[in-house]
Amino acid sequence: MDQKSPEPILKLDNVSYQYSNNYQSVDAVKGVSVDFHEGKMYAIIGKSGSGKSTLLSLMAGLALPTGGQVIYRGTPTDAVNLDAYRRKNVTVVYQSFNLFPLMTCLENVCFPLELLGKTPREAAVIAKEQITHVNLPDTVYRRFPNMISGGEKQRVAIARALASGAKIILADEPTGNLDVANGEKIVELLWHLAHDDNYLVIIVTHDMGITRVADEVMQMTDGYLKPLIMDEIPAIDALEMSKLP
Amino acid sequence: MIFKHSWNSIIRSPGKTFLFLILLTASIVFVNLGSSMNYSANRMLDQANEHFNTVVAFKYGDLHNPDGAWADENFQKNISAIDFSAITNHPAVIAVDQERTISAYAGEDSKVWQNSSPFKDYVIVTLRLLSEQDDGSWTALTYDTIFGRKVTGTVFLKVSPFSSSGVDISDQLLPDRTFLLAAYAQSSSAMTLIPLKPAELVQDPSDTLQGIGELTDITDSSDYFESEQGKAWLELAEALHIIDTSFQVIASSDIQSMIPFHMKQTWLQSGTFTQQPGTCYISERLAGLLELQVGDSWPLAYHYDPEGNPAYTYASETGFSHEEDCEIAGIFQITSDLTYTILIPYPDWLEKKPDNYDFLRVRVDNAQVEEHLRHVDALVPEMVELQVEDQGYSNAVIPILKLRERSLYMTVASAAAGVAVISLFAYLFIVRQRETADVMMKLGTGRARTISYLIIGILIVAILAGLAGTYFASLVDSKLTEAVWSVLQDGIMQDLRFSERALGLQVEFAPELVTADWVRWLTTGLVVSLVFVITLVTSFIALKKPKRRKAKAIIAPKSESGRAMTFARVPGLSLRFALRSILRNFSRSLIVPLTVALLAAFILIIGVSVADQQQAAETIYDRVPTTAYLTTILGRHRQFPIQLQSDVFRMLDNTFQGRQTRMMFQYPATGEQVRAARVELEDANPVIKEFLLTRYMHYEYMGLVTHADGSAGTPDLLERPVVDREKSAIEAQLGFSFLEQQVKRMPILALTDSVTRTSEAIKFRESQVQWLQGYSDENFLNPEYIVVLPDRFMSEQALELGDVIRLAVYEPDENFGVLVEAFDFKIVGSYFQGSRSPVFYVPWNLLTEVRMGTDLGRTVRLNPEDPDSPKVAGLPYEYVAASVDSATIIPENPRDLDGLRNYLEESDYSQIGIIRSNRLAVVIEDKALADGLLSIRQHLSFLGLIIPIMLLLSGLIGFILSYLLTRNRLPEFAVMRSLGSKKTQVYLAFFLEQFFLLLIGFLPVVVVLLARPDWLPAVGRNLVLFLAMYTLGIVIAIALMGRSKVLDILFTKE
């Protein structure tokens, strides 16, 4: 667990991002510089509109920063094919699961594998392993997402994330739609993936419980990201946190 | 405040607002142009309706009695069976013209000698006989003329020894005696008086008059006229004088519908049309002669015979039928037919049988003619012909109706586009603000104010668009209408020369193009109102709380894990995705195949319909036979004497050197030569394929020769009829033949080239003639001894098809008295007679085959060219063929009727009402063809318009359906992208899904085409275009998916 790569797997170098249209422009992310290492679980907290999800989408290769660079293993994302980057290197777990409603759970997990060129049969073998890995029974294979519980959906989503083989798992409020018990199980699963399987797990969350198990916690405020020392966390204005949705 | 917020909500999306403004303005411009054009077309139709009058003329089309309609028993019987009130009781009828001809005496001060007087050649005179001539006649010197205009004062003349009825009165003719006599004054080198009994000059003579003979010796009776007989003479003279000087009066129930007025041969110089009793109309010349003016009164004493007899309609015993002063209501331009005729509105006191074969004229609403014709068709017997005289209305309005049709298409299409634009932007402006509206409602803004907020901004934009659209439309609408109008002028068969579509005078018509500001403002107002209604409805929808949708249960694969990858074998990620989506979401996607099937079926039907119409256009020339016929300059009769060589042959070849005698060629020709000459001329003519000729003779049924089975018929059947050709002395003297009179009363034998294609037989459609097996109308082109009989005659005589009958054929002839022969004919057909005359039909070519006059004691060589050829009894073969009674022209190429028109014009033939050097008029019966072609053209034009609209619609529907279906799938799109799917993979997956749905919907059409591969050429192109357009719609919808905000979708918090 303590063995960390000397080099960060993901590095944000003075990253900023500006939304703009004809009438206004908003600086959602402002000069964020931070290194992320494999084998660790990071938690990013902050108020709504503070730029957390935008930062996540930049790391996920869903958008390119308008300033600075997102660097994956030494290569900036603006120098790579973003589609390939998303297929192979980074994967996202969403609050609303974002499973394909018309695919069975197994097919959902197979999908990224097929994107990588595996045949459906090869993909199925791997997918089943990943489903087992996230502690789901094989009865979910043939079920559609609307036939399973929220916790199971999120596990399927995580299985799909793992199936791609990407070492970076970005999670956007992964426990937001789950009850406490299921949420804890998901967090535990992600913690093990980081610490047992050497994944880089970055969780954007309001869940203070996660901050307690995260290796590092950062706070996003008005586009700025600052690390929080573990001891400082209780000092966060409880009132302020309670306002978070 | 609401106004400001509403306006702000609009202007804060200027791109969208500007687009709405532009699109709505364009829609309003086009709707305005369409409605303006429609208004112009309707005003032009109004102008045409005011400009033209349409009269439906009812003509008695059966064989005509030469003595006139009043004497025609068949006519009177058939006409009395007609329910006139049913004919005229129709909404299309404006006025009804029934005419009766009567007489009016205007007194000595208004005396005009009438040329039409039946007594113009009769006189009552006193004379003294001088000496007897070699031929038995006497010279005489007249003293007094008591009646008549042919003898005035003292003149020398001759007196016939025979009375007009053939009685020998020579023993009464004594020299140096003074006689009073009534006589027919025959004008020749010396006038000859043919005496007659005075009683013969009146219909119901008194006993006194009946007691008077042809000659009354008054030598010794100086006071004869004081006697009873003398007074009877004077009364007779007075009656004859009244008749002789009476004016012809036409009583008409709608004077302006009478032919001379309707055909613009004359018109009112002064006065107005009125149906007031006691008014009358006279010609300009008569008014000048009698020094009468409009408003003057003129005493008239009317007399007429209710039975119709035109000759003797006044008798002193009965006096006048009616006497009254008539007020001159109008004076019309002089016209030869009506110069000395008085026209009066049909009076109540007049009760007279129909006396004219043109027995009814009905003025109808121009636009409802066809409707009225359909109504009337079932009400009149089959021999009644209906002739539409519309002064060119139907042709003049064709482009106007087309303009109106185009304007309607334009209005409807642009209005539909407008509704689409309004609906789309109502969605974009209003439904998209649902959340705002929801918040406003929650904050207590109230429904009315919230709705105002939603619609005010759009309405302002709509009003601006309306103002702009109205302005732009006003700049171009009249120019556009004018441009479209000028293009539409070129229609089908616009050349009306010789056409039945333009009988009589064609009234020039140049309509004025009218546009109106109020139409534009009204149209714009309607569009803005539509905006209001749609936005209001949309607002209500937006304010409605959305129903929670139940999550759709997806049925899991039945098997366990192994079947969880149902589509594992399908190659390609996108294809797998597409098939999976279709099958697992089919009920929701079913709308696509259903819609596609409907659209494709519609396009298929339109395509087949177009092919049918195109085929109909190709075959219409065969299906609708177009003929032409020769007629007189006024077109009143198709049956009139036509010379075979100088009329028919010369029409075929105007260099044909025919001598206008009864002998056709340089020598008496054989029948074969006549037929050969006809065929040769017909073959050589570039525009006339053939003539169908008809000649009328008379027949007498002699009996049955053999039954159809060959058994013997009537026993002891005469070989030929026994005819007494000996003329009595009276007949010889007067040039009168009882036999001829007898023959003229016999029924008609029509020798014709066709019983179904000629104008006379136009009501005989092929189906109405029941043919003997193996025979058809074609047989009538050969000189075969065959006959088609009326069904009634056959049943009366118990005849069957195939029987052979003997007919005596009679032909009155000016040179040889009466020609009589008997021939045997095989019955090859029967026709439904109805109320028609019992006409027998035999081939015209028999006239070139039969030898007539074999009992005349004349001979002719069998081969006229060979002087050694033996002589046979009879007249030359072509003798009776030289004259025909009607001729129907079959054009060489019905597709090129203009060629026929040019040919006729170059040959200077007349048209009805347009006299040229050749006074024969020709009428081309092209109305059915023109109507058929017009109908097909309109149908094709409509379908031609529908097809591109359908294709555009297909594209639009393809887009809308695909857009709506894929819109629900945006999360999947986003997830696929987030997982690193290439754009092409994602687009292809969704495209394939929609495309397969399209193909599924298209399957039924493919099945139909497999069953009917012959439809493929007609519909293939349109179906391919349909697939292409729909696919284009899919492509655009899928491309729009790419513009969705993936991040928003992915990071949506629930």
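**Exercise 1.** Which residue of β4(A) is the bridge partner of Leu12(A)?

*Solution.* The model is predicted.
Step 1: find the two strands. β1 of chain A covers residues 10-20 and β4 of chain A covers residues 67-72; they pair in the antiparallel sense over 5 bridges.
Step 2: read off the partner. In β4(A), Leu12(A) is bridged to Val70(A).

**Exercise 2.** Describe the side of chain B that touches chain A.

*Solution.* 
Step 1: chain B gives 30 residues to the contact and chain A gives 39 residues.
Step 2: on the chain B side, at least two residues each come from α14 (573-584), α24 (970-978) and α27 (1046-1050).
Step 3: by class, the chain B side has 15 nonpolar, 7 polar and 8 charged residues.

**Exercise 3.** Work out how α10(B) and α12(B) are oriented to each other.

*Solution.* 
Step 1: α10 (residues 393-429) and α12 (residues 447-488) of chain B pack at about 160°, with axes 13 Å apart.
Step 2: angles over 145 degrees count as roughly antiparallel, and α10(B) and α12(B) are therefore roughly antiparallel to each other.
Step 3: the crossing of α10(B) and α12(B) is right-handed.
Step 4: the residues that meet include Phe425(B) in α10(B) and Trp485(B) in α12(B). The contact of α10(B) with α12(B) has 9 nonpolar, no polar and 2 charged residues.

Definitions and conventions: Residues are numbered from 1 along each chain as its sequence is written. Chains are lettered from A and ligands numbered from 1 in the order in which they are written. This is a predicted model: local features need pLDDT of at least 70, side-chain atom pairs count only at pLDDT 80 or more; totals for chains, interfaces and linings use all residues. Two strands pair if DSSP finds at least two bridges between them. Helices (H or I, at least four residues) and strands (E, at least two) are DSSP runs, numbered from the N terminus. Two residues are in contact if their C-beta atoms, placed from the backbone, lie within 7 Å. Ala, Val, Leu, Ile, Met, Phe, Trp, Tyr, Cys and Pro count as nonpolar, Asp, Glu, Lys and Arg as charged, and the others, Gly among them, as polar. Axes are lines fitted to C-alpha atoms, for helices over the stretch in contact, and angles run from 0 to 180 degrees between N-to-C directions. Angles under 35 degrees count as roughly parallel, over 145 as roughly antiparallel, 65 to 115 as roughly perpendicular and the rest as oblique. A crossing is left-handed if the near helix is turned anticlockwise from the far one by less than a right angle, and right-handed if clockwise.
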